[in-house]
Every structure is written in structure tokens, then in C-alpha cells.
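Work through these exercises with the model open beside you. Try each task before you read its solution.

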Amino acid sequence: MSGEWRVASGEVRHYRDLLVWQKAIIWGEAVYAATRNWPRDERFGLTSQIRRAAVSVPSNIAEGCARRSTAEFVRFLSIARGSLAEVETQTIIAAKLGYLDQGTQTSLLEAADEISRMLAGLIAKLEERRT
């Protein structure tokens, strides 16, 4: 039984049990690794922005799970999806600027897409439970 289903059914009480949170943590590490050698003049620009958005994904999953209501959890999961889209956009820009090679870009975007689908599924299950 998946962690996401167990949350939707009320069985899971901790965000660290969620597979989507675990994948978002690994993806966030990959974003940090991919940005490690970007130009120094991007340190306070694109590098900082993409890293903050990547950290926001698992952070919002955790915060939402810790909230008292399903509605709040859904809202934070939606924010996490927004942060994913932000990183996807920044990844595309970084690749166009020559900061990322095609393989790294593809890997980051594919992982983001998987996380986004997982979040969408969890949101749907939680909303189904609310009605």
C-alpha cells in the first residue's frame, strides 16, 4: 500500500513516510548538485532562485502534512506543484544559457514530472476523501 494512499485514508501521520516527499528530497539534492558549478555571477540570481524553489517542494509537502486539516494539506501540496513548475522553467532557462547539459536537464525534468504526477494523485485522493 502506497504512503500516499495511507495518508488519504488517514493511516499515515508523518510526512517522512510519503514516497513523494522522499523523491522530492532526492530531486532537491540533484538540483543542488546540478547547480554547483554554475557561474559565480549567478550565485544570487538563478542559482539561488532554483535552489530555493527546489527546497520548497518537500518543505511544502511536510508543512501541509503537519497541518490540521485535509484542505490545508491540499493547499500546501498545490504550492509544492507550483514550485515544481518554477524549477522546471528555471531548468529550461539554465539549459538555454548553457549551464546544464541535455542529460542533466532531461533527468531533472523527468523527476519533476514524476513528482508532479504523484502530487496530483495525492491531491485527488485527499479531495475524494473530503467529499
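Tyr15 is partly exposed, with a relative accessible area of 24%. Keep in mind that this is a predicted model.

**Exercise 1. Find the aromatic pair formed by Trp38 and Tyr99, and state which parts of the chain it ties together.**

Step 1. The whole structure holds two aromatic pairs. Trp38 and Tyr99 form one of them, with 5.5 Å from centre to centre.
Step 2. Their planes are 45° apart, and the pair is tilted.
Step 3. Place each residue. Trp38 is in the loop between helix 2 and helix 3 (46-66). Tyr99 is in the loop between helix 4 (70-96) and helix 5 (102-130).
Step 4. The pair therefore ties together parts that are 61 residues apart in sequence.
Step 5. Check accessibility. Trp38 is buried at 8%, while Tyr99 is partly exposed at 22%.

**Exercise 2. Describe the surroundings of Arg16.**

Step 1. Locate Arg16: the loop between helix 1 (3-8) and helix 2 (19-35).
Step 2. Its relative accessible area is 47%, so Arg16 is partly exposed.
Step 3. Look at the ring of Tyr15. Arg16 lies over its face, 5.8 Å from the ring centre.
Step 4. Look at His14. Its side chain and that of Arg16 are joined by a polar contact of 3.1 Å.
Step 5. Set aside neighbours within four places in sequence. Arg16 then contacts Trp21 and Gln22.
Step 6. Go further along the chain. Pro58 is 42 residues from Arg16, and their C-alpha atoms are 9.7 Å apart.

**Exercise 3. Compare the span of helix 5 with the expected value, and list its buried residues.**

Step 1. Helix 5 has 29 residues. From first C-alpha to last it reaches 42 Å, close to the 42 Å expected at 1.5 Å a residue.
Step 2. Inspect the start of helix 5. A side-chain oxygen of Asp101 comes within 3.0 Å of the backbone nitrogen of Gly103.
Step 3. Pick out the buried residues of helix 5. Among them are Leu108, Ala112, Ile115, Leu119, Leu122 and Leu126.
Step 4. An α-helix has 3.6 residues a turn, so residues three or four places apart point the same way.

Technical notes. Residues numbered from 1 in each chain as written. Predicted model: local features only at pLDDT ≥ 70, side-chain atom pairs only at ≥ 80, totals over all residues. Heavy atoms only, no water. Helix = DSSP H or I, 4+ residues; strand = E, 2+ residues; numbered from the N terminus. Buried < 20%, exposed > 50% of the residue type's maximum accessible area, 1.4 Å probe, protein only. Contact = heavy atoms within 4.5 Å. Polar contact = N/O pair within 3.5 Å; in protein donor to acceptor, adjacent residues only side chain to side chain. Phe/Tyr/Trp six-rings, centres within 6.5 Å; stacked < 30°, edge-to-face > 60°. Lys NZ or Arg CZ within 6 Å of the ring centre and 35° of its normal. Expected span 1.5 Å × (residues − 1).
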